[in-house]
Each structure stands twice: as C-alpha cells, then as structure tokens.
Amino acid sequence: MSDPWRRLLAAGQAQAGVELRGLTTYKLGGPAAYFVEANDPSTLAATAEALADSPLPVLILGRGSNLVIADDGFPGVVIRLGRRFAGIETGEVVTAGGAAGLPQVARTATAAARRGVEFMIGIPGTVGGGVRQNAGCFGSEMVDVLETADLFDLGRGETSTVGAGDLAMAYRQTNLAPTQIVLEARFRTDAGDPDEGAARIREITRWRRLHQPGGTLNAGSVFKNPPGDSAGRIIDSLGLKGTAVGGASVSEKHANFFVAMPGTKASEVYLLVAKVRETVKARTGIDLEPEIQFAGRFADRGE
Ligand code: EPU
C-alpha cells in the first residue's frame, strides 16, 4: 500500500513543506510537513482517511492569531479551511463558516441590523478558532451567542451538529478535541440599529487601539486571566514590562501581550513565556496558564 500522504500530495489535496509563518500573526516558526487547504468536504474526508491509515499530529489553523509555531515547524498535518467555508448569512440567526473572520461577522451582522455579535470585532481570529476557545472580549464571549455548530471529526471522518451546551464552554475553553474542526456556527442575534452597532464597533476598536499593542507582531493575550484578577495587571505590577528573551519582549503597552521583533525565534517567545510564568509563580504564588497555543517541538516540552 502506498503512503496515504503521498496519495494526497499526488491528488493535489495536500502540499508538503509549506511555510506557516506567513499564516500566523507572530510571523515566525517553520514549515508544516503536510498542509491541507480544504475547500470541500471530500478533501476533509480524504484527510481523515489518510490519518486513519497513517496517523500524524494534527493542527487546525485559523488566522494563527493565538499561535506560536516551533522553529523547526509542525511535524504533522496542518489543516486550514478555505474560502468555501468563510460565508456569512444574516437573519435572526447569523450563520458563519468556520473560516470566516470574527471581525467580519461583527461588521456584516451589524450592517444587516442584527445586534449581539459586535464584540467579535475585538477578536482577530476565525469563527472556528473563536468557538474552539470560547474567545471573548468586552464582557461577552462566544458561549453567550452560540446556538449550534457543525463539526467535522477527523478521527471518525464524520460531520455532526452540536448545541453550545454540548461543548462544555467555560472561560477560554471548550471540550473540542484537536481533531474536531468547526465547519460552521450559528449565532443568536436581536434586531438592532445599524448606526448604534457601528458606534459600538468604533468604541471597541478605539479602546483596543488605546490599550493593546496593535501594529506589532503578537498573538493577543499570552495568559488566561486567573480568577478575579488580570494577568496583565499582575505582570505589570511586578515590573516585568520590557522583560525580553532575544527579540521577544513583554509589551510596554499591555503586559499580557508579548511582542516580537521581526526575526524573533519561536524558542525565544517560548522561553519568555516560561520566564514570566516562573517569576509570577515565585513572587505571587499564582500559576498563570498560557492562553496562546504552542505547536511543534519546543525545548523541554516535546511535541
Ligand atoms: N492592566 C495593567 N497593566 C497592564 C495591562 C493591564 O495594570 O499592562 C490592568 C488594566 O488597567 C485593567 C486590568 O489590568 O485594570 C485588565 O486589563 P484589560 O482591561 O486590558 O483586560 P485584560 O483582562 O488584560 C481581557 C482579555 C482580552 C480582551 C480584553 C478586553 C483575557 C486573557 N484577555 O484582557 O482578550 O481583549 O479583556 O475585553 O481574557 C485575548 O484573549 O487574546 C485578548 C486580547
């Protein structure tokens, strides 16, 4: 039997050695052993079959806005949904493909006089990534508006529809497995005034510009907030703004954002995260849990 991954390459359904750095907001890290851009269910089914025949680590990629890819890349298959999965339809329920950008959902729904998803303007990721992580900002998170989601399970090769209540959504977490892809999600909205919605969107955008280091290479909040406190406030209070490892440093603007100079290595970001985590633990007893995802091999961590 020939290698199923070779078959996918030959069929044009996968590519080998694809550089990932341009597909992440940090713009660093190495290539994917295999990369699948899925624009139809049959490509997903073929990928599931290949995984069943010849298992590899799986990484589902959205906008790469919460992700650090290791310097030697990802030794498995990276799957990204293509444009076919980026549609947005508005009605009482707003339906968006897994590859749709959350800011785009906010703008489209608001322009169509739907209210309730404006907060998504502040989350620079995809619908799929947002659901997976129960992303949120400005007092709202995905669980507040999610009704149902269609999932494709790469382990079983099957599609299913689940309700938000099936996903065990809590602060920045769900029970979605790394092999479950969010193909589409449906969000509850109310009737709203487009001008009021646009004003809310402007307010959120302005707040982010004032408080977060936009225009730099970063991946949003590095750590989850511990119960009742803010990781940024804690890191700042310990005087750690500006702390650096190589080209990676704690932002002077917001201490829970770690910014990278062009040319920074993923290992430097990883070591900075470990260093800040250790310092916070030693000085406050609080063990901050990373929110950003590391993919691939890092020094003391394996795959
Ligand atoms: N603070 C400091 N110093 C800093 C940063 C913050 O003292 O360097 C203080 C602020 O003054 C404020 C408190 O810490 O009193 C909280 O800061 P902020 O309002 O910026 O909110 P956050 O808890 O740091 C959370 C989300 C963000 C989201 C904002 C706005 C998490 C981990 N982060 O940030 O989400 O944009 O609220 O709603 O929940 C993300 O998840 O990637 C993300 C950016």
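Predicted model: local features only at pLDDT ≥ 70, side-chain atom pairs only at ≥ 80, totals over all residues.

Let me begin with strand β16 (residues 248-250), which runs antiparallel to β15 and is joined to it by 2 bridges; helices (H or I, at least four residues) and strands (E, at least two) are DSSP runs, numbered from the N terminus, and two strands pair if DSSP finds at least two bridges between them. Within this pair, Val-245 stands opposite Ala-248 of β16. The two strands belong to an open sheet of 3 strands, with antiparallel pairing and the order β15-β16-β17. Its edge strands are β15 (244-245) and β17 (258-260), each of which pairs on one side only.

Residues are numbered from 1 along each chain as its sequence is written, and side-chain values use heavy atoms, with hydrogens and water left out.

On the whole chain, there are 7 helices and 18 strands. The C-alpha atoms fill a box of roughly 60 × 50 × 30 Å, taken along the principal axes. The radius of gyration, taken over C-alpha atoms, is 20 Å, which agrees with the value near 19 Å that a compact globule of 303 residues would have, where the globule rule is 2.2 Å times the number of residues to the power 0.38.

There is also an open sheet of 5 strands, again with antiparallel pairing, in the order β6-β7-β13-β11-β12. Here β6 (88-89) and β12 (158-163) stand at the edges with a single partner strand each, so one side of each is left without a neighbour in the sheet. Strand β11 (residues 146-153) pairs with β12 in the antiparallel sense over 6 bridges; Asp-150 has Thr-161 of β12 as its bridge partner, and Ala-149 stands opposite Val-162 in β12. The hairpin of these two strands has 4 residues between them, and Gly-157 takes a positive phi near 70° there.

Which residues are closest to the ligand? They are Phe-138, Tyr-171, Asn-225, Asp-236 and His-254, within a shell of 20 residues that surround the ligand, counting a residue if one of its heavy atoms lies within 4 Å. Domain 2 (84-209) and domain 3 (213-290) both give residues to this shell, so the ligand lies between them; the domain bounds come from an automatic or database domain assignment. Helix α6 (residues 231-237) gives the most, with 3 residues.

As for polar contacts (pairs of N or O atoms within 3.5 Å), a polar side-chain atom of Tyr-171 lies 2.7 Å from an oxygen atom of the ligand, and a side-chain N or O atom of Ser-230 is 3.2 Å from a ligand oxygen atom.

Conventions. Polar contact = N/O pair within 3.5 Å; in protein donor to acceptor, adjacent residues only side chain to side chain.
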